[in-house]
Amino acid sequence: MAERNTEAIPTVIADNVDIVYRVNGTGSGKGSATAALNRILRREKAEKAAGVRRVHAVKKVSFVAYKGEAIGLIGTNGSGKSTLLKAVAGLLPVEHGKIYTNGQPSLLGVNAALMNDLTGERNVWLGGLAMGMSREQVRERYQGIVDFSGINDKGDFITLPMRTYSSGMAARLRFSIAAAKDHDVLLIDEALATGDRAFQKRSEERIRELRERAGTVFLVSHNNKSIRDTCERVLWLERGVLRMDGPTEEVLEAYEAFTGGADKPAKKA
Amino acid sequence: MKRTVRKRAADSDPDARTPTPRAKAADVSQVLHTPPPAPAQAEDDLAALAARHGLSVSGARPSLREYVRQLWARRHFISAFATAKLTAQYSEAKLGQVWQVATPLLNAAVYYFIFGILLGTSRGVSDYIPFLVTGVFVWTFTQNSIMSGTRAISGNLGLVRALHFPRAALPVSFALQQLQQLLFSMAALVVILLCFGVVPGVSWVLAFPVLLLQFVFNAGVSMVMARMGAKTPDIAQLMPFILRTWMYVSGVMWSIDSTLKHSNMPHVVKVLLESNPAAVYIDLMRFALIDSFKAHQLPHHVWAYALGWALLAGVGGFIYFWKAEETYGRG
């Protein structure tokens, strides 16, 4: 893992990235219908007058991520972490600057592709195919996914519709499906908080594996412990600005001082 | 390496672990200082670094050839998604998948009651019930494909924003779902045809090329509507009216051929009515399945129209959709 000998290979380069959201229908005054008409008729011209608000979510962020790194993203709520992650995944446009990537970064998550009315089994197939796995790959990994999720530990649940699962079971199955694929660059948005403690342990293990096999992992989390456990480098975003970029401990100490102290010690269950 | 990092974390933790009053954490965002400027590297450096290692810009639109390749690679997802949508549809109902066949039959019954019995549109059309039911089923295929195509992107933003796949997979998948639905309806149709004394013939084979052409046409129009619906979701509100108008001019429950014979409409109207793609596919299907529907009732060059519309919509719609690929699910 630590063979960053000669020149490290960059996998994600963010070059002075700005991200701006435009929100429709925040009409400042009366009559949102007239505002809507105004918006259609005058388009670019009077964005503000027509009630379009601009939210500058990420401001001039630059960083380089290298192969084999696990990078934590921290910051208070609404500081632009998830937005930055989506932009790295290529799912949000950048206003200025560029994001270069090696291979296709993917967000960990297949929730949207799954259907509650279908059985867990069908959902494993659907999720796997949605992530771009071939049928052979899904067939190969099917058993692994089911075993990892632990859905069948308490009986034959995988052949029941997903709407019958408890929320914990469903979350575990989703994570198992999402983590079954090898990714070049993996982006995780607070996914580690799912399931019971035993499953969390297994997920952390799996993330470590993915990272060794894949390349780079980005992890957004408010749980400083899971950041400490998985990442060796941390980016700290605050109000859309990259405030600090460095080794985990250094950044977390500053962050904890900033937010008023460390997390309470995790309960030993 | 992992272990050392964790050890360090454990060592330094106790110092930082001062108990935190909750209120203090809450108003932190109010007392933010202006953050110091990030350690910015010169722009040229980063661009050059990216170029040196062959990194590509994230979220750029692939070339048309590459796009087709990606779409083909996702063919199993497209079919699995379509089938999943179809089966999920009636999973809560007691009768379950029986509704796949029952719904189109009930539809046909309603149209028969209104147009066959109440309004008496059937005059001059032999085998009116097979004629009507074929029309309704074939039209429903186009109508539902276009309707679900309009919402293909705007109704699945969660999916579009979470996963990478060529977005054309969605409208195509919805059109495929409707095709599967139509196959169920066709099974019901065969039973109806046999009940009304229609004799199966060699011409039934023609149903397959007709379905294929209509599917390509539907998928193409779906892609056009998906792009428009993604930019302006309001279109989904408008479509039912447009589609209903289109249905009434397409000869679903009346015969264009016999109506035109007895009226002196301008030639333009006649050509427009006969070249209407929905009417073309409906009439071809009637010609294929119903023995009393003869070739002379078809407009001239009807197969050319069928093929032309399919190619125009299919290829044109695909390219039109691809042109906006990188914009779907954003903003």
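Analyst: Axes are lines fitted to C-alpha atoms, for helices over the stretch in contact, and angles run from 0 to 180 degrees between N-to-C directions. Helices (H or I, at least four residues) and strands (E, at least two) are DSSP runs, numbered from the N terminus. This is a predicted model, in which local features need pLDDT of at least 70, side-chain atom pairs count only at pLDDT 80 or more, and totals for chains, interfaces and linings use all residues. Residues are numbered from 1 along each chain as its sequence is written, and chains are lettered from A and ligands numbered from 1 in the order in which they are written.

User: Are α7(B) and α10(B) roughly parallel or roughly antiparallel to each other?
Analyst: The axes of helix α7 (residues 128–150) of chain B and α10(B) come within 7 Å and cross at roughly 30 degrees. Angles under 35 degrees count as roughly parallel, over 145 as roughly antiparallel, 65 to 115 as roughly perpendicular and the rest as oblique. The two helices α7(B) and α10(B) are therefore roughly parallel.

User: Which element of chain A has the highest mean pLDDT?
Analyst: pLDDT is the predictor's confidence in each residue, from 0 to 100. The mean for chain A is 78. Among its elements, helix α1 (residues 32–42) has the lowest mean, 66, and the highest, 90, belongs to strand β8 (residues 233–238) of chain A.
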